[in-house]
Amino acid sequence: MVAMTSLSNSFPAGAEPKTFPSVAGQGEVSDFFALLKPRVMVLVIFTALVGMVVSQVHVQPVVATISLLMIAVGAGASGCLNMWWDADIDAVMSRTAKRPIPDGRIQPGEALAFGLVLSAGSVMILGLAANWLAAALLAFTIVFYAVIYSMWLKRATPQNIVIGGAAGALPPIIGQAAVSGTVGIESIVLFLIIFIWTPPHFWALALIKAGEYAKAGIPMMPNVAGPASTRRQIVGYSLLLFPVGLAPVALGFGGLLYGITGLVGGLGMIAFSVHVMRNREGEAEKRAALGMFGFSILYLFLLFSALLAEQGLGLYRGVSLGGVLA
Amino acid sequence: MSRETDGGDVVPKSLDAVQAERRRKRSMAIAFVLGALVLIFYVLTIAKLGPQILNRPI
């Protein structure tokens with residue numbers, strides 16, 4: 001017989017709290033790795049690397065590599081703390097029910113200890129390897145994601161992923177701080193791109209998962225403001241993303257390749273958002289939302305890849321905006 | 001085999017084969033991470049100090 005414990009988070013009304021086995025030491029190594037949200041870590045490594053590359057400073061490769069690793073571990077640690085706190089609602093949603101804690105493979109206390117140790121370790125090593133500005137920014141990101149977003153915003157407001165998106169947008173700033181010791185306009189622009197990209201990206205998924213979020217009691221935008229308002233906001237953010245996505249060209253650190261990618265990709269985001277706006281029923285609604293969700297990932301990946309190719313591989317060809325601005 | 005504590009928690013007296021294998025893999029992962037930490041601090045020291053690492057008062 002296995003004794004069970006229940007998490008103390010405020011649980012959504014109408015749903016039964018999930019209980020978890022209290023026996024520690026049952027988890028596989030892969031379960032602990034899954035707590036770090038590896039796919040998010042890959043995105044963090046990628047965007048932080050671009051933040052380093054656009055800084056255009058001489059980088060000691062060993063320091064840069066260790067810094068990237070620590071930024072990734074810090075992001076993983078915040079994901080782990082998020083899974084610890086959200087285990088009760090993860091258990092209710094089919095997309096997350098098989099995560100290690102709600103599935104009973106890892107005890108909540110184990111995940112908490114794992115997340116805290118990795119958080120402290122990644123911040124300390126980043127401080128020693130790079131500088132304490134980067135370490136402080138990493139610590140802020142972890143606290144923002146685990147405490148401000150997970151513990152507060154996520155269950156309190158439909159603006160949860162808008163404000164919480166700042167945590168996911170910070171890696172380029174940490175990357176630049178790690179290699180240059182300062183925060184420049186380049187990484188701030190990259191932060192803004194990811195920040196404004198986040199709402200249309202997540203709300204596209206939230207539109208088709210609205211029932212699941214409602215069951216878990218999370219006030220996502222489609223559940224609170226309704227699908228029609230959410231679709232309008234997706235279009236609004238996609239329109240806003242277009243000029244912000246092209247800002248690197250105006251500021252001179254995005255060249256021709258980036259400009260073409262930003263132009264075509266930005267128009268694509270607007271087109272997909274309008275498609276989501278027009279298809280509101282049945283299978284067409286689902287296809288449109290999934291299309292938006294998938295394209296938004298491709299858009300961000302191509303945008304940052306273009307910067308990486310231009311600044312890291314020497315493919316930069318300047319774009320003269322004189323004729324446009326005159 | 002297990003016994004129940006006053007708090008109701010279950011404390012296994014001995015590990016079965018699956019549990020022992022998982023513990024072995026976790027221990028190996030911890031050893032790997034500790035080894036990686038040693039390597040990180042060593043390489044970082046060399047990279048940051050370079051030849052200056054030898055320039056110290058004896």
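A residue counts as buried if 20 or more other C-beta atoms lie within 10 Å of its own, as exposed if there are 12 or fewer, and as partly exposed in between. Keep that handy for the exercises below, and remember that this is a predicted model.

**Exercise 1. Work out whether Gln56(A), Lys37(A) and Leu36(A) are buried, partly exposed or exposed.**

Step 1: start with Gln56(A), which sits in the loop between α2 and α3 of chain A. Gln56(A) has 14 C-beta neighbours inside 10 Å, so it counts as partly exposed.

Step 2: move on to Lys37(A), in the loop between α1 and α2 of chain A. Here you find 19 other C-beta atoms within 10 Å, so Lys37(A) is partly exposed too.

Step 3: now take Leu36(A), which lies in the loop between α1 (29-34) and α2 (38-53) of chain A. Leu36(A) has 21 other C-beta atoms within 10 Å, so it is buried.

**Exercise 2. Find what Leu36(A) touches beyond its neighbours within four places in sequence.**

Step 1: set aside those sequence neighbours, and you are left with contacts to Met41(A), Gly76(A), Gly79(A) and Cys80(A).

Step 2: pick Gly79(A) from that list. Gly79(A) and Leu36(A) are 43 residues apart along the chain, yet their C-alpha atoms are separated by 5.4 Å.

**Exercise 3. Look up the phi angles of Lys37(A) and Gln56(A).**

Step 1: Lys37(A) isn't a glycine, but its phi is positive, at about 50°.

Step 2: Gln56(A) isn't a glycine either, and it has a positive phi near 55°.

**Exercise 4. Describe how α3(A) packs against α6(A).**

Step 1: know what to look for. Two packed helices are described by the angle between their axes and the distance between the axes.

Step 2: get the numbers. Helix α3 (residues 61-85) and helix α6 (residues 132-156), both of chain A, pack at about 15° with their axes 9 Å apart.

Step 3: name the arrangement. Angles under 35 degrees count as roughly parallel, so α3(A) and α6(A) are roughly parallel to each other. The crossing of α3(A) past α6(A) is right-handed.

Step 4: see who meets whom. On the α3(A) side, the residues include Ser67(A), Ile71(A), Leu81(A) and Trp85(A), while those on the α6(A) side include Ala134(A), Leu138(A), Tyr145(A) and Met151(A). Sorted by class, this contact has 10 nonpolar, six polar and no charged residues.

**Exercise 5. Do likewise for α5(A) and α6(A).**

Step 1: the axes of helix α5 (residues 108-129) of chain A and α6(A) come within 7 Å and cross at roughly 160°.

Step 2: angles over 145 degrees count as roughly antiparallel, so α5(A) is roughly antiparallel to α6(A). This crossing is right-handed.

Step 3: α5(A) contributes Ser119(A), Ser122(A), Val123(A), Leu126(A) and Gly127(A), and they face α6(A) residues including Trp132(A), Ala135(A) and Ile142(A). The class count is eight nonpolar, three polar and no charged residues.

**Exercise 6. Decide how α2(A) and α8(A) are arranged.**

Step 1: the axes of α2(A) and helix α8 (residues 171-180) of chain A come within 7 Å, crossing at roughly 45°.

Step 2: that angle makes α2(A) and α8(A) oblique to each other. α2(A) passes α8(A) in a right-handed crossing.

Step 3: among the residues making the contact are Val44(A), Leu49(A) and Met52(A) of α2(A), with Pro171(A), Ile174(A) and Val179(A) of α8(A). By class, you get 11 nonpolar, four polar and no charged residues.

**Exercise 7. Sketch chain A as a whole, then chain B.**

Step 1: count the elements of chain A: 15 helices and two strands.

Step 2: check its radius of gyration. A compact globule of 326 residues would come out near 20 Å, and chain A has 21 Å, which agrees. Its C-alpha trace spans about 75 × 55 × 25 Å along the principal axes.

Step 3: look inside chain A. Buried residues make up 48% of the 326. Among contacts with a separation of 6 or more, 72% join residues 24 or more positions apart.

Step 4: turn to chain B, which has one helix and two strands, running β-β-α from the N terminus. Of its 58 residues, 0% count as buried.

Technical notes: Residues numbered from 1 in each chain as written. Chains lettered and ligands numbered in written order. Predicted model: local features only at pLDDT ≥ 70, side-chain atom pairs only at ≥ 80, totals over all residues. Axes fitted to C-alpha atoms, helices over the stretch in contact; angles between N-to-C directions. Helix = DSSP H or I, 4+ residues; strand = E, 2+ residues; numbered from the N terminus. Parallel < 35°, antiparallel > 145°, perpendicular 65-115°, else oblique. Left-handed = near helix turned anticlockwise from the far one by under 90°. Contact = placed C-beta atoms within 7 Å. Nonpolar A, V, L, I, M, F, W, Y, C, P; charged D, E, K, R; others polar. Rg over C-alpha atoms; globule rule 2.2 N^0.38 Å.
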